[in-house]
Each structure stands twice: as C-alpha cells, then as structure tokens.
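Let's learn to read a protein structure together, one feature at a time.

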Amino acid sequence: MSYSRMFLVRFELMGGCARCVSAAPGASLLETARRAGIQLAANCNGQGECQECRVVILEGQLSDLAEYEALCRQDGSLPQDQRLACCARLLGPAKVLIPEDSLTSPTTGQGKRDHRSINHSA
C-alpha cells in the first residue's frame, strides 16, 4: 500500500530519548510507535479496552476522542491531557510524549538518548 502523503511523528520518551517516524494519514499512534521501535503496553492488542497505551499529545492534529476515550474522561480514569495511542489517529504531523509507565519495558534501551529518524513508506 502506498500513500502519497505521509506525516512526521516525533515520539519523546522520558530520559531525553526521541524517535521520529513518518506515518500515513489515519494510522494509530500505537501502530506508529511500534513501527518506530517503541513498545507501548497494550494488553488489549490495540482494541481500546485496557487504557495502558496512554500518551500525552504535545502538538499535532489527531482524530477526535473515540467513544471509549470520552467515557474514560467522563469517569475520570483518563486525564484531560492524555489520549489512548490505540484510539488516536493521525490527521497531520504530531509530537507525542510517552510516559514511562506506558512502555512494556522502560529499561530496555528506550530511555537512552536516541535521535533516530525512521522513514517507512509502506
């Protein structure tokens, strides 16, 4: 599958690590992060049910809140400054902070300073 338009997404992790990857419009932040080598927790396999893949949107154009995210905001389980990476879809370039507790294994090199850029043109 080829997309004529790709968006740059910058993921910032605790400890100063940053990774950039290009992604197609409509791609979820979860799949985009994984393509960048960032292992976000998601026991529900990206179905929007476990709330483990929380991220903070620093800048960017993303889809509106999914129904599940809105419900989580209403009951107070999803803070106002966070989104679920499996539900948030790219509508433009973005800059995203990934809290350490959203990673599957925060000590496996994801916290080292890393400014790799990865260009995927799937």
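Q: Is Lys95 buried, partly exposed or exposed?

A: Lys95 is partly exposed, because its relative accessible area is 25%. The general idea is that buried means under 20% relative accessible area, exposed means over 50%, and partly exposed lies in between (1.4 Å probe, protein chains only). Before we go on, note that this is a predicted model, in which local features need pLDDT of at least 70 and side-chain atom pairs count only at pLDDT 80 or more, while totals for chains, interfaces and linings use all residues. Residues are numbered from 1 along each chain as its sequence is written, and side-chain values use heavy atoms, leaving out hydrogens and water.

Q: What does the secondary structure of the chain come to?

A: Helices (H or I, at least four residues) and strands (E, at least two) are DSSP runs, numbered from the N terminus. In this chain there are 2 helices and 6 strands, and along the sequence they follow the pattern β-β-α-β-α-β-β-β.

Q: Which strands does S3 pair with, and over how many bridges?

A: Two strands pair if DSSP finds at least two bridges between them. Strand S3 (residues 54-62) is joined to S4 by 3 bridges, and the two run antiparallel. With S5, S3 pairs in the antiparallel sense over 5 bridges. To find one on screen, look at Gly60, whose bridge partner in S5 is Ala94.

Q: Which residues form a salt bridge with Glu12?

A: A salt bridge is a side-chain nitrogen of Lys or Arg within 4 Å of a carboxyl oxygen of Asp or Glu. The side chain of Glu12 meets that of Arg10 at 2.9 Å, N to O. Glu12 also bridges to Lys95, with the closest N and O atoms 3.7 Å apart. This second pair links distant parts of the chain, as Lys95 is in strand S5 and Glu12 in strand S1, 83 residues apart.

Q: How are the charges of Arg73 and Glu69 handled?

A: Lys and Arg count as positive and Asp and Glu as negative, while His and the chain ends are not counted. Arg73 is buried yet has no salt bridge, and the nearest side chain of opposite charge, Glu69, is 6.0 Å away. Glu69 does meet Arg83 in a salt bridge (2.8 Å, N to O). Arg83 lies in strand S4 and Glu69 in helix H2, so this pair ties together parts that are 14 residues apart in sequence.

Q: Which residues touch the most other members of the largest nonpolar core?

A: A nonpolar core is a set of buried Ala, Val, Leu, Ile, Met, Phe, Trp, Tyr and Cys residues joined through side-chain atoms within 4.5 Å. The largest one here has 30 residues, and those touching the most other members are Val9, Phe11, Leu29, Leu90 and Ile98.
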